[in-house]
Amino acid sequence: MTLKKTLTIAGSDTSAGAGMQADLKAFQEHGTYGMVALTVVVTMDPKTWSHTVTPLPTDLLQKQIDTALSTGVDAIKTGMLSTEEIIQMASQAIQSSGTNKVVIDPVMVCKGDDEVLNPGNTTAMVNYLLPHATVVTPNLFEAGQLAGTGTPKSIEEMQAAALKIYELGAKNVVIKGGKALVHDKAVDLFYNGKDFKLLESEKVTSTYNHGAGCTFAASICANLANGLSVEESVIEAKEFVSAAIKHGWALNAHVGPVMHGAKPRFGAPAVTVSTIPNYINA
Ligand SMILES: Nc1ncnc2c1ncn2[C@@H]1O[C@H](COP(=O)(O)OP(=O)(O)O)[C@@H](O)[C@H]1O
Ligand SMILES: Cc1ncc(COP(=O)(O)O)c(C=O)c1O
Ligand SMILES: [Mg+2]
């Protein structure tokens, strides 16, 4: 039996809730063969938990990419890329990979740390990554940065941002409302260039959601590699991450990661999918 091969070009979260650690766990739970091209290492001060992002030498990143692509990958996901040079390298990797199943998770902020990663990266993501995205998965802040609008604060503003991000080249856009959107549910907006759909699940009140975005995007990547449609991939990823958050736990006093393998062990909360009108043109 052969497995579908999924490559994540991402950073290491030493606390293992997010980053390539989350990606590999999600890949494994979806039955794909996960590989990594490591971009940066994120470490946390044991006392204050403040984050330090240390990039790897770019020639070492290129060697990792070359090795992984030589095996023939079925889908690629990008996570924390941290510099414009690394973003361009990821773009070149995607273009030479031979796959058109590409999930861009436009990581700009480390949860648990309010520091925005290199703000200059947004232009590079727009120019070098969005045109190659099968699906892009920004949270509200990241969507506002990519769209050049303020952070969306309503479904309508999420629709406006999704339209702009689609026009920038992404074939499908999922803007994650998550905890940040003022709503009684955890709501994500999915736009495929034609229809707007809301994906809703129960909002978990705990703060044990570190790694949710990475887990969500990696699940979409694995589902695409396994042959699911974009919509099927996104809906299953929503179920998967909803279960992971529901069973999130405290690693220490500073951080609570999701439980990446919750869905196959405990089942998933219900996710409702509804098509909504384009409120902007309504
Ligand atoms: N408290 C929560 N309860 C349920 N689902 C959540 C919660 N927070 C986030 N999610 C879901 O987890 C996924 C990742 O969203 P989010 O955490 O906003 O991304 P990021 O980690 O990139 O900031 C989305 O599907 C979002 O709706
Ligand atoms: C290496 C790395 N990638 C990505 C992220 C983003 O994580 P999230 O899934 O919470 O968006 C983090 C956050 O700390 C990280 O350390
Ligand atoms: Mg994220």
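This is a predicted model: local features need pLDDT of at least 70, side-chain atom pairs count only at pLDDT 80 or more; totals for chains, interfaces and linings use all residues.
What span should the 17 residues of helix H8 have at 1.5 Å a residue, and how far apart are its end C-alpha atoms?

**View 1. Helix H8, end to end.** Here we look at H8, which runs over residues 230-246. At 1.5 Å a residue it should span 24 Å, and its end C-alpha atoms are 24 Å apart, so the two values agree. H8 is also mostly covered, with 12 of its 17 residues buried. Among them are Val-230, Val-234, Phe-240, Val-241 and Ile-245, along with Glu-236 and Lys-238.

**View 2. Helix H1 meets helix H7.** The axes of H1 (residues 19-29) and H7 (residues 212-225) come within 8 Å and cross at roughly 40 degrees. That angle makes H1 oblique to H7. The crossing is right-handed. On the H1 side, look for Gly-19, Ala-22, Asp-23, Ala-26 and Phe-27; H7 brings Cys-214, Thr-215, Ala-218, Ser-219, Cys-221 and Ala-222 to the contact. Sorted by class, these residues are seven nonpolar, three polar and one charged.

**View 3. Helix H2 beside helix H3.** H2 (residues 58-70) packs against H3 (residues 84-97) at about 15 degrees, their axes 11 Å apart. Because of that angle, H2 counts as roughly parallel to H3. This crossing is right-handed. H2 touches its partner through Thr-58, Leu-61, Gln-62, Ile-65 and Leu-69, while H3 answers with Glu-85, Ile-86, Met-89, Ala-93, Ser-96 and Ser-97. The contact has six nonpolar, four polar and one charged residues.

Key:
Residues are numbered from 1 along each chain as its sequence is written. Chains are lettered from A and ligands numbered from 1 in the order in which they are written. Side-chain values use heavy atoms; hydrogens and water are left out. Helices (H or I, at least four residues) and strands (E, at least two) are DSSP runs, numbered from the N terminus. The expected span of a helix is 1.5 Å times one less than its number of residues. Buried means under 20% relative accessible area, exposed over 50%, partly exposed in between (1.4 Å probe, protein chains only). Axes are lines fitted to C-alpha atoms, for helices over the stretch in contact, and angles run from 0 to 180 degrees between N-to-C directions. Angles under 35 degrees count as roughly parallel, over 145 as roughly antiparallel, 65 to 115 as roughly perpendicular and the rest as oblique. A crossing is left-handed if the near helix is turned anticlockwise from the far one by less than a right angle, and right-handed if clockwise. Contact means heavy atoms within 4.5 Å. Ala, Val, Leu, Ile, Met, Phe, Trp, Tyr, Cys and Pro count as nonpolar, Asp, Glu, Lys and Arg as charged, and the others, Gly among them, as polar.
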